[in-house]
Amino acid sequence: MAEQNFVQKMFAEYYRAHYKEIAPPSSLSQREFGFLFSREKMMIRHKSFTTPEELQRFIFTNAPSDIYYSSTYYERPTEPMERKGWLGADLIFDIDSDHLDTPCKQEHDFWTCENCNNSGRGNKLDVCPNCGGTKFRMEAWLCEKCLDAAKVETQKLLDFLISDFGFSPEETVICFSGQRGYHVHIEEPEARTLDQDARKEIADYITGTGLRLDLHGLIKRSRRFGGVGPDLDDYGWSGRIARGVYDVLASSSPEAFQKIDGISSRAAKSLGDDRDSILESWDKVSPWRARNVSLKTWTALASRGVVGQVSLIDTVVTTDIHRLIRLPLTLHGKTGLKAMEVPHNMLDRFDPLKEAVAFDEGELRLLVNDAHAFRIGDQTYGPYHLDEVELPMAAAVYLLCKKAAKLVQG
Amino acid sequence: MDGIVSPESDFATEIEILSFPVARVMIAHIEDDFLKRRYALAEAKRVDLLLGEEDDGKLLEIAKTSLGWRVERRSYKRGMTQVLTIHFADYLRNAVGFHDDHWKLVNRRMSNGWVVLEKRELARLVSEEVRAKIDRDLENIPKVDLNEVAPRLAGRAEEVRQILVKRKASLRAEELPQNIIVEAYPPCIRRLYDNLLAGQHIPHMGRLTLTSFLLSIGMKPEDLVKLYTSVSDFSETLTRYQVEHIAGLRGSRTKYTPPKCDTIKTHNLCPEPDEICQRVRHPLTYYRRKARLLEAGGK
């Protein structure tokens with residue numbers, strides 16, 4: 001309890017100092033707001049504000065643990081869902097490393113079965129191997145590799161949005177979510193009116209769902225001329241397919257070809273032998289005409305190549321036209337980090353574990369129960385097990401938010 | 001009624017122009033949703049046919065000025081000849097209604113927001129917009145009693161109604177089978193169902209799909225609640241609320257129909273499509289067909 005009060009006090013202090021920097025979303029009065037408070041389990045929803053000052057004052061006074069606004073514009077945002085009157089919704093993309101299959105999850109994610117308390121490492125399971133239970137408590141630690149993986153997916157997403165969909169960098173706002181990933185918001189009027197079906201098509205485009213290679217020109221023309229296929233500099237998915245094939249060819253070892261679904265061991269061997277000449281032919285004639293590569297093998301290579309080209313967005317978020325999302329420059333209740341906008345030209349160098357730190361003053365003595373190693377700022381902390389330590393405030397608040405430590409008096 | 005409004009009308013222009021309001025008033029008299037949809041479709045087909053004969057410039061002009069779409073002739077690839085392009089937002093407004101793979105955005109050539117189109121495809125999109133417009137118009141049309149205002153037309157409307165009754169009878173075979181036939185579940189539903197029985201975790205979207213499917217094929221909400229609570233530790237009150245919500249008994253009062261195959265694929269819930277899957281776009285269509293096949297096989 002003392003720990004919860006302390007975090008609450010720190011959040012209040014942060015908002016007292018920074019409430020004026022919190023910029024409201026556009027069309028403020030048409031948005032619904034939702035708030036979480038550390039002492040309450042339920043979200044307070046259906047709030048709305050007419051002026052930025054009113055919103056800032058609410059945050060200043062109440063210091064919620066998490067602050068969300070609706071991507072949706074409503075006629076009457078404070079009414080229950082069925083009476084709100086939908087006017088439109090920003091186009092939202094969410095990339096959460098939770099959904100990415102990073103190998104390091106085996107190190108820093110832990111599950112505990114709520115039924116039998118059996119526990120283990122790695123991402124969430126479907127069924128407990130011990131008792132068959134299906135409910136788990138998850139414990140996941142901030143991880144640089146996972147955040148980097150999310151950043152790569154974000155960069156691929158931006159390429160789709162800018163090169164293919166024609167949005168400008170100014171229209172595609174990137175935000176660090178405050179915990180495990182990134183959001184991209186598009187408020188542009190065109191995007192607001194897209195219905196759910198249209199958003200589903202956009203999500204399918206970005207995840208490559210329903211992609212047909214033959215419709216992008218990967219076909220066999222004749223025995224004599226061999227195949228035809230897209231060029232590296234083609235626009236849209238055609239070019240992505242060609243680049244995907246190129247990447248797979250260039251980066252796979254001869255043995256790796258054998259592991260690709262749909263490539264026979266004979267085809268794999270000849271690919272291994274001819275790889276260099278095929279890659280070279282890309283600059284001159286057309287690789288698709290290579291004599292020893294069948295359409296089946298090309299298709300298998302392309303299918304593998306496509307996997308590297310897609311961006312693994314959370315399709316549920318993009319197709320949901322009634323979504324609440326975290327407001328930038330507010331704190332994340334599970335980490336104490338800031339959700340914040342990241343300018344396009346900074347994304348490459350952006351280090352969330354450093355730049356999203358909200359509490360950069362003071363130190364705190366804690367008794368840490370159990371903590372996996374984690375980095376905040378420039379330093380790595382832990383692992384701890386029943387250790388009494390003095391930590392910089394950001395690291396201490398993080399452990400308290402995770403309920404992994406207790407305050408030490410004095 | 002055969003889905004045809006003759007394209008090569010020899011009548012004078014006045015008759016041509018008058019035929020639409022007359023058809024509209026007859027439909028308002030008959031008041032039948034099926035008829036409304038068929039009429040809108042027939043007009044759209046006619047537009048499609050007529051536009052197909054127009055040259056590019058005319059078609060472009062109609063799409064631009066009458067519908068307000070952003071369509072342009074532009075060079076898609078540097079140095080290449082100009083092609084017809086449409087802004088993706090205008091494209092999606094109507095193309096999402098078409099189910100052939102080549103209409104899916106992911107299978108189009110797109111650059112900088114512009115989707116490459118062939119002329120006949122643009123004509124098809126325009127006609128789809130016409131269909132949607134007529135659909136919306138007829139949906140809100142007030143009831144007209146022709147016996148009072150135009151008795152002679154009422155006689156013709158009666159003829160149309162007769163044909164309509166016959167048509168509908170022959171479509172009845174498409175209705176859902178009476179009893180629930182687990183063997184006729186499509187693979188996606190079967191997997192969700194089996195996972196449920198095995199007490200495994202089903203993601204939110206999966207539960208929504210399964211619930212709306214089972215409700216649509218006639219399972220009663222209370223039986224569904226029993227099914228959920230008997231095989232897992234779902235709280236009964238919460239499950240009941242969710243099931244009744246999906247059944248349209250609570251909350252927004254909309255009855256959810258199960259998502260179509262496309263959506264199921266988007267959310268990664270389509271495990272291994274089988275032969276029937278190749279020919280349908282909706283799990284309920286699959287169910288109807290498979291049930292019919294099973295029935296035929298059983299006899």
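This is a predicted model: local features need pLDDT of at least 70, side-chain atom pairs count only at pLDDT 80 or more; totals for chains, interfaces and linings use all residues.
# Notebook: chains A and B

I began with chain B, whose secondary structure comes to 14 helices and four strands. Helices here are DSSP runs of H or I with at least four residues, strands are runs of E with at least two, and both are numbered from the N terminus.

Residues are numbered from 1 along each chain as its sequence is written, chains are lettered from A and ligands numbered from 1 in the order in which they are written, and side-chain values use heavy atoms, with hydrogens and water left out.

**Entry 1: helix 3 of chain B**

I checked burial next. Of the 299 residues of chain B, 40% count as buried; buried means under 20% relative accessible area, exposed over 50%, and partly exposed in between (1.4 Å probe, protein chains only).

Which residues of helix 3 (residues 56-66) of chain B are buried? I found B:Leu59, B:Leu60 and B:Ala63. They sit on the same side of helix 3 of chain B, because they cover an arc of only 100° around the axis (taken from the directions from the helix axis to the C-beta atoms). B:Thr65 and B:Ser66, on the other side of that helix, are exposed.

I then looked up what the buried residues pack against: helix 2 (33-53), strand 1 (71-75), strand 2 (82-87) and helix 5 (119-139) of chain B. After helix 3 of chain B comes B:Gly68, with a positive phi near 75°.

**Entry 2: where A meets B**

I counted 40 residues of chain A in contact with 33 residues of chain B, contact being heavy atoms within 4.5 Å. The buried area is about 3200 Å², and carbon and sulfur atoms give 54% of it. That area is the accessible area (1.4 Å probe) that two parts lose on being put together, summed over both.

I looked for salt bridges here too (a side-chain nitrogen of Lys or Arg within 4 Å of a carboxyl oxygen of Asp or Glu). The rule finds five across the interface of chain A and chain B. In one of them, A:Glu190 meets B:Arg70 at 2.4 Å, N to O.

Which helix of chain A supplies the largest share of the side that touches chain B? Helix 6 of chain A does, with seven residues. I sorted that side of chain A by type and got 13 nonpolar, 14 polar and 13 charged residues.

**Entry 3: salt bridges within a chain**

I searched the whole structure and got 44 salt bridges over all chains. In chain A, A:Arg375 pairs with A:Glu144 at 3.0 Å, N to O. The two are 231 residues apart, A:Arg375 in strand 17 (residues 374-376) and A:Glu144 in helix 4 of chain A. A:Arg375 is buried at 12% relative accessible area, while A:Glu144 is partly exposed at 41%.

B:Glu158 is partly exposed at 34%, and so is B:Arg161 at 30%.

Technical notes. Ala, Val, Leu, Ile, Met, Phe, Trp, Tyr, Cys and Pro count as nonpolar, Asp, Glu, Lys and Arg as charged, and the others, Gly among them, as polar.
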